Amino acid sequence: MNQVQILRLRNGEDIIANVEIYSANGNFGVSNPMHVSVDYAGNQSNLVLSHWLPVQLIKFNQTVIKQDAVIAQVEPNDEFAEYYTNAVEKIQNALRAKSLVNDMDDNQVLEVMEALKELSSSGGLLH
């Protein structure tokens, strides 16, 4: 069963991912892992999610983490789990769109850009 979990690694990193525990050996199968950090800017602190794996260079955004590399596993609160899930969905949509555009020839790209321009000027797109 895949479940959104936060893993604290021995090296001090925190990652959030869809986690599956391989019961036979206790290793963690993770998909869409993101590094979790806090950015302290002035009086505010902001949560920052960044790719943990180089998604632009790999076929699948998943890997196995050895059990001895993990020192803690916790379930995020509902708000953070939803934030992560939405971020993953947006990234996947952007990567799919990039792939579609890469497969188009120049004329097809221009046609799409013109259609978007028309939609935008007619109020058909949300701003």
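Predicted model: local features only at pLDDT ≥ 70, side-chain atom pairs only at ≥ 80, totals over all residues.
The partner of R8 is D14, and the two side chains form a salt bridge in which the closest N and O atoms are 2.6 Å apart. D14 itself is buried, at a relative accessible area of 18%, because that value falls under the 20% limit. As a general point, side chains of opposite charge can pair when their charged atoms come close. How many salt bridges does the count give for the protein? The count comes to one.

The protein has six strands and two helices. Reading from the N terminus, the order of elements is β-β-β-β-β-β-α-α. The radius of gyration is 19 Å, well over the 14 Å that the globule rule gives for 127 residues, so the protein is more spread out than a compact globule. Along the principal axes, the C-alpha trace spans about 55 × 40 × 25 Å. Of the 127 residues, 27% count as buried. The protein exposes about 9,300 Å², and carbon and sulfur atoms supply 51% of that area. Among contacts between residues at least 6 apart in sequence, 49% join residues at least 24 apart.

Strand β2 covers residues 14–21 and includes N18. Is N18 buried or exposed? With a relative accessible area of 19%, N18 is buried, because the limit for that class is 20%. Setting aside neighbours within four places in sequence, N18 is in contact with Q3, V4, G29, V30, S31, N32 and Y84.

One of these contacts, N32, deserves a paragraph of its own. N32 lies in strand β3, which runs over residues 28–41. N32 is buried as well, its relative accessible area being 15%. What is the phi of N32? The angle is positive, at about 55°, although N32 is not a glycine. For background, most residues other than glycine have a negative phi.

The next strand, β4, spans residues 44–51 and contains S50. At 30% relative accessibility, S50 counts as partly exposed, because this value lies between the 20% and 50% limits. Leaving out neighbours within four places in sequence, S50 is in contact with M34 and H35. S50 can also be compared with A87, which is 37 residues away along the chain: the C-alpha atoms of S50 and A87 are separated by 9.8 Å.

A last stop is the loop between β5 (62–65) and β6 (70–74), where D68 is found. D68 counts as exposed, because its relative accessibility of 57% is over 50%. Along the chain, D68 and R10 are 58 residues apart. How far apart are the C-alpha atoms of D68 and R10? They are separated by 8.1 Å.

Technical notes: Residues numbered from 1 in each chain as written. Heavy atoms only, no water. Helix = DSSP H or I, 4+ residues; strand = E, 2+ residues; numbered from the N terminus. Buried < 20%, exposed > 50% of the residue type's maximum accessible area, 1.4 Å probe, protein only. Contact = heavy atoms within 4.5 Å. Rg over C-alpha atoms; globule rule 2.2 N^0.38 Å. Areas by Shrake-Rupley, 256 points an atom, 1.4 Å probe, with all protein chains shown as cover. Salt bridge = Lys/Arg side-chain N within 4 Å of Asp/Glu carboxyl O.
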